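Here's a quick briefing to read alongside the model. Have the sequence and the 3D view open as you go.

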Amino acid sequence: MSAKLTRDQMAARVARDIPEGAYVNLGIGLPTLVANHLPADREIVLHTENGMLGMGPAPAKGQEDPDLINASKQPVTQVPGTAFFHHADSFAMMRGGHLDFCVLGAFQVSMNGDLANWHTGAADAIPAVGGAMDLASGAKQVFVMMELTTREGQSKLVPQCTYPLTGVRCVSRVYTDAAVFDIRPDGVYVIDTFGDIEPAELERVTGLPLRFEIPVAR
Amino acid sequence: MISKLVESAAQALADIPDGATILIGGFGAAGQPVELIDALLAQGAKDLVIVNNNAGNGTTGLAALLGAGRVRKIICSFPRQADSQIFDGLYRAGKLELELVPQGTLAERIRAAGAGIGGFYTPTAYGTPLADGKETRELNGKHYVFELPLHADYALIKADRADRWGNLTYRKTARNFGPIMASAAKIAVAQVREIAELGELDPEAIVTPGIFVKRVVRVSAAAAKEQQ
C-alpha cells in the first residue's frame with residue numbers, strides 16, 4: 001500500500017464527519033488529535049469522562065490549572081458554556097444515550113462491530129479498562145480510529161476479535177489510514193479510500209468480503 | 001452546635017481500623033486528597049481495601065501505601081500508568097488483589113451504595129471478560145450485567161470550600177468522584193482549601209450537602225504545595 005494518511009490526516013478525516021451541535025467524547029491516545037481538526041464554523045461540545053462538557057484546547061505554557069484536566073490527565077481549558085459534574089453524572093451521559101459520538105482507538109474491530117481495545121490478554125500484561133467499556137456501550141455512535149494494520153502488517157479489522165472484547169456489536173464506523181469502513185447489519189462497506197489503494201488490495205489485507213460505496217466526488 | 005471541623009488529618013483518620021474499606025477520591029492528581037492519604041500512611045492501619053480510579057503514581061501517596069504492604073485489595077478502573085511501577089510489581093508478584101471495574105460501573109456502584117440501591121443492571125461490559133460469572137439479563141432487547149453497590153467504611157476526598165456543617169463546594173474537574181464517594185461511606189472525611197462561615201457558601205453552589213460528610217480538615221495551600 002502507498003500514500004497512507006498520517007495520524008493528523010486521519011484525525012482531520014474523522015473531524016469532517018462530526019456535525020454541528022454534536023456532543024462528542026474523544027478517547028485517550030490517537031483520538032485526542034481529532035480536537036485539533038474540528039471545523040471552526042461548527043459548534044461541537046467535547047465531553048471528558050472526568051466531569052466536564054465544553055473542553056477547550058491545551059492552555060498556553062504557564063497557564064495550566066491542576067484542577068482542569070482531561071481523561072488523559074493533560075491540562076486543558078474551559079470554553080464559554082462549560083459545565084462541570086461528578087463521575088456518576090458523567091457516565092450517565094454515556095450510558096443514558098445522551099452522547100452523540102465517541103471516537104476510540106482499537107487493537108481490533110470485527111466485521112460485526114465488536115471492539116477490542118483494553119487488554120491484550122497477555123499473561124504479564126496489566127489490565128486497565130478506564131471508561132472504554134462505558135463509552136462503547138453508551139455513545140449513540142462509536143467511531144474507531146486506528147491504523148489498518150499492525151507493524152507486522154496484520155489487519156486490525158478482522159472477521160472475529162482474538163483479543164478480549166471491550167464491547168459487542170458497538171462500532172459503527174472505522175477510520176483508518178487506508179480507508180473508512182462503515183459497519184452495517186448487512187456487511188462492511190468501504191465509504192472512502194486514500195491514495196492509490198485498490199479495492200482488491202483492501203480485501204486481500206483485511207481478508208473480509210467488502211462492499212464499496214464510495215461517493216464519486218470526493 | 002454542629003461542628004465537623006477537625007484539627008488535623010491525623011485526628012480525622014485516627015479511628016480507621018485494620019481491614020477497612022476506603023474510598024479515595026481523585027482522577028489523576030485532580031481531586032486527590034494528598035494530605036489525607038499521607039495521614040493514612042502515617043496512621044498504620046493495614047489489610048486495607050482501597051477504591052480509587054487508579055492504583056497510584058510514582059512513589060508517593062497511594063503508591064507509597066501500596067508499597068508499604070498496607071493494602072490487601074484494590075478496586076479500580078485504570079491501574080496501568082506510565083509511572084504505576086509499585087502497583088505493577090505487587091500485582092505481578094501476586095501480593096495485591098485487583099478488582100478491575102469499568103469506570104462508569106465503578107462510579108454507579110458507589111452512587112448506588114450512597115443512594116441505598118440494592119444493585120442495578122448496566123449494559124457496560126456485557127459480552128466481555130469483565131462480566132464473567134455475573135448475572136445477565138435481557139430487557140427490551142438489550143443485554144445488561146447485574147452489579148452490586150460498593151459500600152465503604154471511610155471516604156477520603158478533596159473539596160474546595162466547606163463550612164462547619166460539612167457542606168462542600170468543588171473546583172473544576174477536581175470534583176470527579178468526591179460527591180458520590182462522600183455519600184457511599186459510613187465516615188466521609190473531606191480535606192478542603194478553605195473553611196467558610198456557616199451561611200457564606202451559596203446554597204445553590206453547594207454540591208455535597210453536609211449530611212454526607214462527617215469530618216472536615218482544612219489543608220493550607222502552603223502545606224498542599226509542599227506535599228506535591
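What share of the contacts in chain A with a separation of 6 or more comes from residues 24 or more positions apart? The figure is 62%. Keep in mind that this is a predicted model.

**Chain A overall**
- Chain A is built from four helices and 13 strands.
- Its radius of gyration comes out at 17 Å, close to the 17 Å that the globule rule gives for 218 residues, so chain A is as compact as a globular protein of that length.
- As for burial, 43% of the 218 residues of chain A count as buried.

**Where chain B meets chain A**
- On the chain B side, 37 residues are in contact with 32 residues of chain A.
- Three elements of chain B give two or more residues to that side: helix H4 (85-92), helix H5 (103-115) and helix H6 (178-184).
- H5(B) gives the most, with five residues.
- By type, the chain B residues touching chain A split into 18 nonpolar, 11 polar and eight charged.

**Helix H2 of chain B**
- Helix H2 (residues 34-43) of chain B has these buried residues: Val34(B), Glu35(B), Leu36(B), Ile37(B), Ala39(B) and Leu40(B).
- In an α-helix there are 3.6 residues a turn, so residues three or four places apart point the same way.

Conventions. Residues numbered from 1 in each chain as written. Chains lettered and ligands numbered in written order. Predicted model: local features only at pLDDT ≥ 70, side-chain atom pairs only at ≥ 80, totals over all residues. Contact = placed C-beta atoms within 7 Å. Nonpolar A, V, L, I, M, F, W, Y, C, P; charged D, E, K, R; others polar. Rg over C-alpha atoms; globule rule 2.2 N^0.38 Å. Buried ≥ 20, exposed ≤ 12 C-beta atoms within 10 Å, placed from the backbone.
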